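Q: I have a model open and want to learn to read it. Where do I start?

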Protein chains: 2
Amino acid sequence: MSRRVTQRDIARMTGVSQATVSLVLNNRTGDDVRIAPETRQRVLDAIRATGYVADPVARRLVSGRNRILGVFTYEPVFPSTAADFYHPFLVGIEQRAEQLGCDLLLFTSSSQLAGEGGAGRRRIFHADSRIGIADGTILLGRRVDRDDLVRLVGEGHAFVSVGRRDDAGGPVPYVGADYPAAVAALVERARELGHTRIGYLGTGGPAESHADRLRGFRPTGDAGEGDDGTAGDDEGCRLHLPPPADGWPAAIERERLTAVFLEEHADAAALVAAARARGWSVPGDLSVVALGEPSGTGPLDEALTRLRIPRREMGWQAVEQLTAAIEGGAGPAVQRLLPCTVHAGTTLGPPRGTP
Amino acid sequence: MSRRVTQRDIARMTGVSQATVSLVLNNRTGDDVRIAPETRQRVLDAIRATGYVADPVARRLVSGRNRILGVFTYEPVFPSTAADFYHPFLVGIEQRAEQLGCDLLLFTSSSQLAGEGGAGRRRIFHADSRIGIADGTILLGRRVDRDDLVRLVGEGHAFVSVGRRDDAGGPVPYVGADYPAAVAALVERARELGHTRIGYLGTGGPAESHADRLRGFRPTGDAGEGDDGTAGDDEGCRLHLPPPADGWPAAIERERLTAVFLEEHADAAALVAAARARGWSVPGDLSVVALGEPSGTGPLDEALTRLRIPRREMGWQAVEQLTAAIEGGAGPAVQRLLPCTVHAGTTLGPPRGTP
DNA sequence: AGAGCTTGCTGATACGCATTAGCGCTGGAT
DNA sequence: ATCCAGCGCTAATGCGTATCAGCAAGCTCT
């Protein structure tokens, strides 16, 4: 209907200039800015009467600040699986954003206009990108497009990745989970329990989070890896296995494993089921440890011994770090790893024949 | 670091004016606007080289459009309960927004700056409201602040409510669920099964969605309601009960009910449990119908006969309607109700003694 | 009385973009 | 030689706000 009220309108109503209205609004009081109490009151009355609210767009054009934080994900933000993996991150993000008085801009549009490259794949930068509206952006997702990342690092746009990222033309600011330490601690625990041959079943995925888990499992690196991707013994107990063609149980027998670590929770659950179907007891005959959280809900969610990723906290810290970066200007990229904990579960125990 | 690239920069690089850059960018070609192919190419090359992206803020200031849709909720958008009631709405909203190339702005900040009134309560309008950034806004929540609603209706800001709302100084545009029809259908079904005394346990909440359910249960209105809130017989079978002081089972015996409808899923689940604890069979001795969806997960989620609210569809349609309103200008408020379906479950059946 | 200070405000400008009137130029028609 | 049409572009303007230099008026002090 009626055009929205502007400062000019208020100014005309009260017989002052637009500048005065702006000064009153922003409560500016200094040596070079003085407004008579009476005038101030007149303006304030008019503002209240009209319900004037400053146009955030124009305000941003001038000041360069918005108190809007972007959230970019390479998958839908609200996934169809209700109890989704990403959900806790978002809870933390929203919580901190609310405390800081920031709004969240979800870049849901990005997949549509990505004319080049993969059809429908989400991209941060495209012709109609609204990324510039946000003061800074949080990146969420297992994998982040490398070109996007390089460009983000290169340009001034403030951003923080949730999850560690390799350098992309420069260090990438992130809040990650300390997978290496957590996995190493789990290995140590397994050895204390008496396990001497522990298998690691990865996904072969390129994501940093996967590589980090493997680093924790086998801190000495890739030395000893055979042509088939099978790693040789490492400290006499660690085996990095490729996805076995004849099924996991067969591979476990072949390698005489007493414990298996699996990157994916779903794989771990499947292994427990397969093992029990074969008549093996878990953890008696085989210990199983998941290095990730369940997505969705399954019968083994509580039972499985697994890593617990501080997802809510990571989201919270990411917002914290992002706003700090926005306030403080472009310092060096902050990279922080938060410690994981362990969900004890019941699938890690001493191997049979241990006192 | 480096200031972001502007059209002026491109213009200087290519030896044209800022206006020309704008014209090339927007692919303007008309009778009064002509750019030599060579010049156009030079500009396009520079744009590609610098990776220029138009500042969405400035663009908006001119054009008044953003392709940003606001989402306002009176509760946190990402609730701690994973399988939350609001989640499906958001899934639908995101889905349609993505298809339409729109981004979503979540007004998470609103609770902080609400100095007056309830401390921490979310408000749409406050001094630092960023609602103006969005082209339009979707309202989500069981209850919507009435002052906010009146103001939204009064001002030009486009919006659509998810869920029916009573008039607020004018008709409120919404996409709701047709509770009256759905509840009436369930009553009909119960009567066909042979139930002659059906109770309705409401929450007494003021929300429109609750009132609508009751309207479906008792289409004749409030006639016959006693001082204690107990409604008299209506067509010989419908009873609107207040929360009974002596517990539901007692009230059921007292009123000789064979079926009970409950607004809240959780209440219905509790009633089933209480009934079975008393040795009643469900639905043999008592049929129980929930008029809402479970929030969270419980053992009776599948078993309970209940209303199924087309939440995803409602979110989807709300975005659809909102964008239509934005494009088409301010027409009359569109109000649409989507049909509910029924989750069959096993807690509604013929009462004992029916052939 | 004039200088100098304080008070209370305004005018101008910039932010980055879209839009439009219109200018200078060229070449063909009259 | 003059006129005009078509072409290719630019200058100017506005969107709504924040900021700041500076102006006019009144006051104090010498």
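This is a predicted model: local features need pLDDT of at least 70, side-chain atom pairs count only at pLDDT 80 or more; totals for chains, interfaces and linings use all residues.

Q: How are chain A and chain B superposed, and by what rotation and shift?
A: Two copies of a chain are related by a rotation about an axis and a shift along it. Here the rotation is 180 degrees and the shift along its axis is 0.0 Å. Chain A then superposes on chain B with an RMSD of 0.1 Å. The two copies are therefore related as by a two-fold rotation axis.

Q: Which residue of chain A comes closest to the rotation axis?
A: A:L105 does, with its C-alpha at 2.1 Å.

Q: Why do the copies meet through the same surface?
A: Compare the interface residues of the two chains. 100% of those in chain A are also interface residues in chain B, so the copies meet through the same surface.

Q: In what sense do β2(A) and β2 of chain B pair, parallel or antiparallel?
A: Antiparallel, over three bridges. Strand β2 of chain B spans residues 103-106. A:L106 has B:L104 as its bridge partner in β2(B).

Q: Which residues are closest to DNA strand C?
A: A:A19, A:A36, A:T39, B:T6 and B:A19 are the closest among the 29 residues that surround DNA strand C. The elements that give two or more residues to this surface are α2 (18-25) and α4 (56-63) of chain A, together with α2 (18-25) and α4 (56-63) of chain B. The surface near DNA strand C divides into 15 nonpolar, nine polar and five charged residues.

Q: Last, a helix. Which residues of α6 of chain B are buried?
A: An α-helix has 3.6 residues a turn, so residues three or four places apart point the same way. In α6(B), residues 146-154, the buried ones are B:D148, B:L149 and B:L152. They cover an arc of only 95 degrees around the axis, which puts them on the same side of α6(B).

Q: What do the buried residues of α6(B) pack against?
A: They pack against β4 (158-162) of chain B.

Notes. Residues are numbered from 1 along each chain as its sequence is written. Chains are lettered from A and ligands numbered from 1 in the order in which they are written. A residue is near a molecule or strand if its C-beta atom, placed from the backbone, lies within 6 Å of it. Helices (H or I, at least four residues) and strands (E, at least two) are DSSP runs, numbered from the N terminus. Ala, Val, Leu, Ile, Met, Phe, Trp, Tyr, Cys and Pro count as nonpolar, Asp, Glu, Lys and Arg as charged, and the others, Gly among them, as polar. Two strands pair if DSSP finds at least two bridges between them. Copies are superposed by least squares on the C-alpha atoms of residues with pLDDT of at least 70 in both. Two residues are in contact if their C-beta atoms, placed from the backbone, lie within 7 Å. A residue is buried if 20 or more other C-beta atoms lie within 10 Å of its own, exposed if 12 or fewer, and partly exposed in between; C-beta atoms are placed from the backbone. The arc is that of the directions from the helix axis to the C-beta atoms.
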